[in-house]
Every structure is written in C-alpha cells, then in structure tokens.
Amino acid sequence: MFKIGILGAAGIAPRSIIQPVNRRDDIVVHAVASRRADVARDYAQKHGITVAYDSYDDLLADPQIDLVYNALPPAGHAKWAIAALKAGKHVLCEKPIAMDVTQAREMYAVARDSGKILMEAFHDRYHPVFLHLMSLKRDGLLDRVQHVKAEFYVNIPFDENSIRHDPAQGGGCMMDLGCYPLHWLRSFFGSEPEVLAASARKTPLGVDESMTAELRFGSITATLLADIAHPPFEARLRIETDNGFLEIDNPVLPHKGHAIRHDLTCALQEFTLAGGTTYDYQLEAFLEAVLTGKEPLTGAEDSINNMIALERIYQAAGFTLPLSRTK
C-alpha cells in the first residue's frame, strides 16, 4: 500500500489526487501539509486525511510517506520537489515543472541521482482521447499535415492578490494554462518547435494575460493561443491536412465533456470516447513508473523541453528571463 503526502492544501488536489486515490485500493492519502496549521487541519478533516502538518519539512520527514504530490504554485516546485526527492520520496509535481529551465534541469538531476521518479502533471497526455490522437498519427491518417492550431481560454480576471497573476509565484497565462496547448503541439509532433513570433497582453503586474505564438515544427506551422481572462472556458486542438481535418474539443479535461470530429476517411465523423478522468490515468501512470522505474511520458526529457519552448515563447514576446524576475 502506497502512502502519499500532499504539499499544499490546494484547491486542485481533491480532483487531481484525492478522488483518484480514493478510487483505488493500493494507495491512500496519508498526510497534507500547509504552512498554516488551521488550514492543514481543516483540509485534512474535510477530505478524510489522517495526518495534518503545518510544515512541509515535517511531511517530508514522515517515514510512512512513499510518494509526494507537489500542489504548490510554480515558485515552490523546485525547492520542495528537490527536498522530497532527497528525502527518498517519488514526486508528482504540478505543471509547469519549474519557474525556468535551469530549475527543471536541477530537479531531474536530483531525481536521477536519488533513483526516484519525478513526473510532471500533464494529466491529459495519459487519457484515451490523446492516446487516440496519437494512434491516428501512427496509423498514417494524419499524414501531410498543413497547419495545427491549439487554443485554451479560461476566465480568471486580473486580481493583484491572486497567485495566478503574481510574477513571483509563477503566475501568468503561459505558466498557468498556455503550457497545455504547447504540450499538445510538442506531443503531437514528437519534436521541438522553432518560435517564429509571439505577442502578449500584460497585466498591471507585468505577467501575460494572453499569449499568441506562431511556431514551426520542421516545415509545418502551428498557432498557439491562450488567454487567462477570456470567458467562457474553451480548449481546442485542430489539425489540418491536405485531405481533411481533425478537431478535438476539450483535450485538457475530456472527462468533463469532449468531442472528436474529423473527415479523414472521406466522411465527417463526430464521436466521444469512454473513460475515467484524466487524473485517474495520470495516477496509474505515476504508480507504474514508481513500480517499474521506467521514465513516464511526462518525465525528464519532455518536461525540460517543454520548459525550454515555454521560455523561448516568453523571450519572443519580449519578456525578461528568468521568469521569476519578470517585471
């Protein structure tokens, strides 16, 4: 029986880790840590977690914990993932993996030296919807691609007190949600992009509220659009080929409703795929990596390269790196 500890009493953790764990019989959420004792205690009581810590260090020192889910803001990813790895824990870390590529490389170097798994939480990559897309590509139905467009919009209006808009915490559109369409594009092409151009709309705190990027994968162009303050929620991946198109509505959270449509076989088809939540498949992949020692799909090479591409988009849009110092 695996025991997992959660760093941060995060709003995402119930659906991303607590509920998937509760649907299994080989793992249990053993502890949660928050720097505020009352928050940790209330969170643990609400979610049926055995132990509440008011210190991240205390959670990492718990010998019963095998695995750690790092649900902290990006500014807390490197420090506490590295501490967890050095404490002998395997780590599932929220996206983006770090504040910059230097941190990402350091994190995976520690993971390699410790012999522990570090996996980035791009949960959508493990769902049958994305796996179906990759199977169509392997079967040759998506040959001769002309252009790909990846879009993601949510409605989180500017709030100077929100970590999603705080540059010191890793806030901003690309860090919070644009990293997803970037990951879709990289995963689909199986290669790294050249950034042709990028532009951003900035908030008063200097982070990107929206981002548009023009990319090229080999000879094929791609467009990335992301906006953190653009209602309603919308996510879409569209692949245009010289014999048709394929479009996926909501590749990021397909269990909340999605559609796959294409005319690749001379007739328009529209359908959905059955399956659990993206987070259930992610947890399964994490545990498999822990048990086998095999690098997960969202492991070292993938995470570092996604961070490199993300930084290049920021640079093309006129941001100063490292991102943690963006003003």
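Predicted model: local features only at pLDDT ≥ 70, side-chain atom pairs only at ≥ 80, totals over all residues.
## Cysteines

The whole structure was searched for disulfides, and zero were found. C93 is in no disulfide, and the nearest cysteine sulfur to that of C93 belongs to C179, 12 Å away. For C179, the closest cysteine sulfur is that of C173, at 9.2 Å. A disulfide requires the two sulfur atoms to lie within 2.5 Å, so the separation of C179 and C173 is too far for a bond.

Two of these cysteines can also be described by their accessibility. C93 is buried, its relative accessible area being 0%. C179 is likewise buried, and its relative accessible area is 0%.

Strand 1, residues 2–7, pairs with strand 2 in the parallel sense, and six bridges connect the two. Within this pairing, L7 stands opposite A33 of strand 2. Between strand 1 and strand 2 the chain passes through helix 1, residues 13–22, in a right-handed β-α-β crossover.

Strand 2 is also joined to strand 3, residues 51–53, by three bridges, and these two strands run parallel. Here A33 has Y53 of strand 3 as its bridge partner. The chain leads from strand 2 to strand 3 by way of helix 2, residues 37–47, and this β-α-β crossover is right-handed.

## Helices 5 and 9

Two packed helices are described by the angle between their axes and the distance between the axes. For helix 5 (residues 101–114) and helix 9 (residues 300–316), the axes come within 9 Å and cross at roughly 170 degrees. An angle over 145 degrees counts as roughly antiparallel, and helix 5 and helix 9 are therefore roughly antiparallel to each other.

On the helix 5 side, the contact is made by V101, A104, R105 and Y108. Helix 9 contributes A300, S303, I304, M307, I308 and E311.

## H183 in helix 7

H183 is part of helix 7, which covers residues 173–189. The relative accessible area of H183 is 2%, under the 20% limit, so H183 is buried. Leaving aside residues up to four places away in sequence, H183 touches F122, R125, T298, D302 and N306.

Conventions:
Residues numbered from 1 in each chain as written. Heavy atoms only, no water. Buried < 20%, exposed > 50% of the residue type's maximum accessible area, 1.4 Å probe, protein only. Pairing = 2+ DSSP bridges. Helix = DSSP H or I, 4+ residues; strand = E, 2+ residues; numbered from the N terminus. Right-handed = clockwise from strand over helix to strand, strands pointing away. Axes fitted to C-alpha atoms, helices over the stretch in contact; angles between N-to-C directions. Parallel < 35°, antiparallel > 145°, perpendicular 65-115°, else oblique. Contact = heavy atoms within 4.5 Å.
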